[in-house]
Amino acid sequence: MTLEPDPKPLYLEPEAPLRIGVEGSALHIEHEDGRDQYLPLRRISRIIAHERVQFDTEALLKITRRGIPILIHSDEHPHARIVGPAPHPASLRQRFIDLLARPDWEDRYCDWQRAMHRRIATVLVHRLKAPKSLANDPEALRNWIENQVERESDVETRRKTAYRFRQLNLAWMQQRLLRHGFGGEEETLLYDTIDLPARLGRLLDDRTQTIRLGWLRRRRHWAEKRNTPLPSVNERQIVRVYEKDAARIARLGDDIINRLHRWVVGIQ
């Protein structure tokens, strides 16, 4: 028996405009030079696409109905997040809706989020051998990490890797929350009042800085050992580094969501 491969993220980062349509249950990728590609939707977990990619309306509907979230971005920042209906209601979603009915929900949630940022900061200080005082100041720790990144590379690499990791973590969290029942019908949770994917994505972004900085340190060590200048970093390299640690990132992201779930259960 042949096992169906697990769905994978689809990265659409063309140099020239690209059109996305659908034919049956497959994504139809039309290149400017006339080449056509077909990819079964069942093999796609989420789509991260540059703004040069043009989606047909029919394609957008079919993609989101299959439970595949889409993140559209420019070279500088995300432009749009498109999420269809959740496949089924879930316990976490319902408990979060119940939480929003409380008059003190925002204060309670902000307390939890601050505690999570401090918890992650403590882990990062230990893993990255940062000054211990930064465990109580997550923002100062972020600045310390960015300084370390720039020391291991350059200003442009720091900017590019920071932006790309934030984007990839946001896309991961958007997809995972869809599994937990947070579909496009819940605009309050996804975009307006709380924007849960962005807030939890920020926690995941903090947590994955060990991957980002560790890669750049190894890269610099490799260049120094061979007495060669550091080559420039491109988008594909960043994505490869991120996907290489996909299983670890999934564990880190699921831990954040599970801690949120336990907290919501505990206060109700």
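I started at the hairpin: four residues join β7 to β8, in a model that is predicted. Strands here are DSSP runs of E, at least two residues long, and helices are runs of H or I of at least four, both numbered from the N terminus.

Next I looked up the pairing, which needs at least two DSSP bridges between two strands. β7 (residues 70–73) and β8 (residues 78–82) run antiparallel over four bridges, and Leu71 stands opposite Arg81 of β8. On the parallel side, β5 (residues 44–50) pairs with β7 over four bridges too; there Ile47 has Ile70 as its bridge partner.

Which way do the β7 side chains point? I found Ile70 and Ile72 pointing one way and Leu71 and His73 the other. In a regular strand, side chains alternate between the two faces of the sheet. All four of these β7 residues are buried, meaning under 20% relative accessible area with a 1.4 Å probe, protein chains only.

Then I stepped back to the whole chain, which has 10 helices and eight strands. I noted 48% of its 268 residues as buried. Contacts are heavy atoms within 4.5 Å; of those between residues at least 6 apart in sequence, 67% join residues at least 24 apart. The C-alpha atoms fill a box of roughly 60 × 55 × 40 Å along the principal axes.

A note on my conventions: residues are numbered from 1 along each chain as its sequence is written, and side-chain values use heavy atoms, without hydrogens or water. Local features need pLDDT of at least 70 and side-chain atom pairs 80 or more, while totals for chains, interfaces and linings use all residues.

Definitions and conventions: Buried < 20%, exposed > 50% of the residue type's maximum accessible area, 1.4 Å probe, protein only.
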